[in-house]
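Please look over the model below alongside these notes.

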Amino acid sequence: AVDPHGKLVFISFDVETTGPANNFDRIIEIGLALADSDGNYLGELNLRIGSPVPVTEYAYKVHKISDADLKGIDHFDKAGPQISRFLESKLGPYDTAVLVAHNGDAVDFRYLINELIRHSLTLPAQVK
């Protein structure tokens, strides 16, 4: 049953990238975990994402993901809609979802926004 009042959902997420330049480098891995304000676990999604931009040596030292690890994997133009479909499947029409990330302002939010803009994609309307 749909809750007509909706619920507050927290989307904790983290990204790994090809390098430190959020206007150039790309997301190559994203993990999302959802919980409501009562602490109920709602699900998670973890994706490796291919990239047209090579992984820098600096980034490889951080996450140990190489270009070879990404060979043949869908790029963000395919992964982005998969993320949106996952979120849509977990959120009710009256829910409000909030993105949460460690270093979000400096890193995660910027990369996610740039990828969404780059591919003309959006997240579900419930995500604020």
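1. Asp77 and Lys78 are joined through their side chains by a salt bridge, with 3.7 Å from N to O; the term requires a side-chain nitrogen of Lys or Arg within 4 Å of a carboxyl oxygen of Asp or Glu. Asp77 is partly exposed at 37% relative accessibility, and Lys78 is partly exposed as well, at 47%. The classes are buried for under 20% relative accessible area, exposed for over 50%, and partly exposed in between, with a 1.4 Å probe and protein chains only.

2. On provenance: this is a predicted model, in which local features need pLDDT of at least 70 and side-chain atom pairs count only at pLDDT 80 or more, while totals for chains, interfaces and linings use all residues. Residues are numbered from 1 along each chain as its sequence is written, and side-chain values use heavy atoms, with hydrogens and water left out.

3. Helix H3 covers residues 76–90. Helices (H or I, at least four residues) and strands (E, at least two) are DSSP runs, numbered from the N terminus. The expected span is 1.5 Å times one less than the number of residues. For the 15 residues of H3 that gives 21 Å, and the end C-alpha atoms are 21 Å apart, which agrees.

4. Which residues of H3 are buried? They are Phe76, Ala79, Gly80, Ile83, Ser84, Phe86 and Leu87. Viewed down the axis of H3, these buried residues fall within an arc of 160°, so they line one face of the helix; the arc is taken from the directions from the helix axis to the C-beta atoms. An α-helix has 3.6 residues a turn, so residues three or four places apart point the same way.

5. The buried residues of H3 pack against strands E1 (8–17), E2 (27–36) and E3 (41–48) and against helix H4 (104–118); contact means heavy atoms within 4.5 Å. On the face of H3 turned away from its buried side sit the exposed residues Arg85 and Ser89.

6. Glu115, in helix H4, is buried, with a relative accessible area of 1%. Leaving aside residues up to four places away in sequence, Glu115 touches Arg26, Ile27 and Phe76. Phe76 is also one of the buried residues of H3.

7. The structure has five salt bridges. One of them joins the side chains of Lys7 and Asp95 at 3.0 Å, N to O. Lys7 lies in the segment before E1 and Asp95 in the loop between H3 and E4, so this pair ties together parts that are 88 residues apart in sequence. Lys7 is partly exposed at 31% relative accessible area, whereas Asp95 is buried at 7%.

8. Another salt bridge joins Lys61 and Glu57, at 3.4 Å from N to O. Both residues belong to helix H1 (residues 57–63), where they are four residues apart, about one turn of the helix.

9. Leu8, Phe10 and Val100 make a nonpolar surface patch of about 200 Å². Val100 belongs to strand E4 (residues 96–100) and is partly exposed, at 34% relative accessible area. Patches use residues with over 30% relative accessible area and no salt bridge; like charges are joined within 9 Å, and nonpolar side chains (Val, Leu, Ile, Met, Phe, Trp, Tyr) within 5 Å. Accessible areas come from the Shrake-Rupley method with a 1.4 Å probe, and for residues only the protein chains shown count as cover.
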